[in-house]
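Please find below a colleague's note on the model under review.

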Amino acid sequence: MNSKIIANGILRAVAVITGVVLLGYFLFKIQSVLAYLAIAAVIALLGRPIVLFLRRKLKFPNTLAVIVTMILMVGIFLGILSLFIPLISEQSKNLSLLDIEALKADVNTLYLQILEYFGATTDKVSDLIQDSHLEKNVLEGLDLGFIPNFLNSFVNTLSSFSIGLFSVLFISFFFLKDSKLFQNGMLVFVPDNKESNLVKSVDKINGLLSRYFAGILLQLFILFVIYTIALLIVGVENAIVIAFLCALFNIIPYIGPIIGGVIMITLTMTSFLGADFSTVILPKALYVLIGLTIGQLIDNFFSQPYIFSKSVKSHPLEIFLVIIIAGLVFGVVGMVVAVPAYTAIKVILKEFLAENSFVEKLTKNL
């Protein structure tokens, strides 16, 4: 091996690394667009059965079927969004979000009730915090003034959200109107002798992910019903909206149920501020906790295994490892997209590298 061959190899390696880095930088800069495309693809997968129903059963033209589907999905989204208005209004009143002093008083009242129930005193808690060196770092750093600032920033981001929503709806319309649009775009980058493999991959991915997202909706609906029943039993106002919000957090694997549970119990306790802690607030919170536990048991031992085994045809342990790794590498977003992305990768590997022994074992259930 002479120096010229070595130099050419080094140049090719540098060129490949440079290309990969530039591609990664480019994808990073257009991450918003990629997010719009991903969300639009999910909406298209969910809306596709409706379009097919309107076209085949009701004989709608394709464009009209897509327009009706989009109007229906936007109406559902706006209907769900409108449900949160009473919740925000009620919780704003309960927590006095616009009155910092009143909020401090409410939190302090609940804090004193908890201490009284457990037979503790504020002096003992203060000594404990001081001994653990948390008082200066935590209590003095607690500034409830962030709440109005948060509300202001929320209003400022509303305009960005509207732009993103319009972009997603625009892209979704064309994904629904032309189901082969994404596939045809991918064919540009694929050699002619591999086009049939790509077509098979896209069709299989569409089928698997359609069943997966339908299963996710079923999972959320089951949790929504259980949570609603638990909240209605204890008499929480806006029980349906709170149950829907907390069930929706289950989209985030493992972490989402914890967040949803904390929110549900917190909203339950704040809904009864002013009542006796030991006879009213604590028992109602415990009843809600029991409902949460029942919902998660059903979800973990019935809903999730069924969804993963029937829809994406992967073992629950396999899915668990994939979600954990994606979460460590990409955070919460990685956990959400881990299963669809992993399913798509498995399908592509099966179509393009079926002769590989490792790929054959990994994708034997597909």
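1. Basis of the note. The model is predicted, so that local features need pLDDT of at least 70 and side-chain atom pairs count only at pLDDT 80 or more, whereas totals for chains, interfaces and linings use all residues. Residues are numbered from 1 along each chain as its sequence is written, and side-chain values use heavy atoms, with hydrogens and water left out.

2. Secondary structure. The protein chain contains 14 helices and zero strands; both are DSSP runs numbered from the N terminus, with helices being H or I of at least four residues and strands E of at least two. Read along the sequence, the pattern is α-α-α-α-α-α-α-α-α-α-α-α-α-α.

3. Of the 366 residues in the protein chain, 30% are buried (under 20% relative accessible area; exposed is over 50% and partly exposed lies in between, with a 1.4 Å probe and protein chains only). Among contacts with a separation of 6 or more, 64% involve residues 24 or more positions apart, a contact being heavy atoms within 4.5 Å. The chain exposes about 22700 Å², of which carbon and sulfur atoms supply 72%; accessible areas come from the Shrake-Rupley method with a 1.4 Å probe, and for residues only the protein chains shown count as cover.

4. The cavity. A search of the whole structure finds one cavity of 30 Å³ or more, and the largest cavity has a volume of about 40 Å³. A cavity here is a set of points, on a 1 Å grid over the protein atoms alone, where a 1.4 Å probe fits but cannot get out; lining residues have an atom within 4 Å of a point. Grid points are joined across faces, edges and corners, and the volume is the space filled by probe spheres set on the points.

5. The lining. The largest cavity is lined by G215, L218, Q219, I222, F302, S303, Y306 and I307. Helices α9 (195-234) and α12 each supply at least two residues of this lining. By class there are five nonpolar, three polar and no charged residues (Ala, Val, Leu, Ile, Met, Phe, Trp, Tyr, Cys and Pro are nonpolar; Asp, Glu, Lys and Arg are charged; the others, Gly among them, are polar).

6. D299. This residue is found in helix α12 and counts as buried because its relative accessibility is 1%. The side chains of D299 and Q219 are joined by a polar contact of 2.6 Å, and Q219 also belongs to the cavity lining. A polar contact is a pair of N or O atoms within 3.5 Å; within protein, one must be able to donate a hydrogen and the other to accept it, and residues adjacent in sequence count only if both atoms are side-chain atoms. Beyond its neighbours within four places in sequence, D299 touches Q219, L223, N250, Q304 and P305.

7. P305. Helix α12 (residues 277-310) also holds P305, which is partly exposed because its relative accessibility is 26%. Outside four places in sequence, P305 is in contact with D299, N300 and P316. P305 and I319 are 14 residues apart in sequence, with their C-alpha atoms 9.8 Å apart.

8. T69, in helix α3 (residues 62-95), is buried because its relative accessibility is 0%. Leaving aside neighbours within four places, T69 is in contact with G47, I50, V51, L54 and L176. I324 lies in helix α13 (residues 316-352) and, at 33% relative accessibility, counts as partly exposed. I324 and Y254 are 70 residues apart in sequence and 9.2 Å apart in space, C-alpha to C-alpha.

Terms used
1 Å grid on protein atoms, 1.4 Å probe; cavity = no way out; pocket = protein on both sides within 12 Å on 5 of 7 lines; lining within 4 Å.
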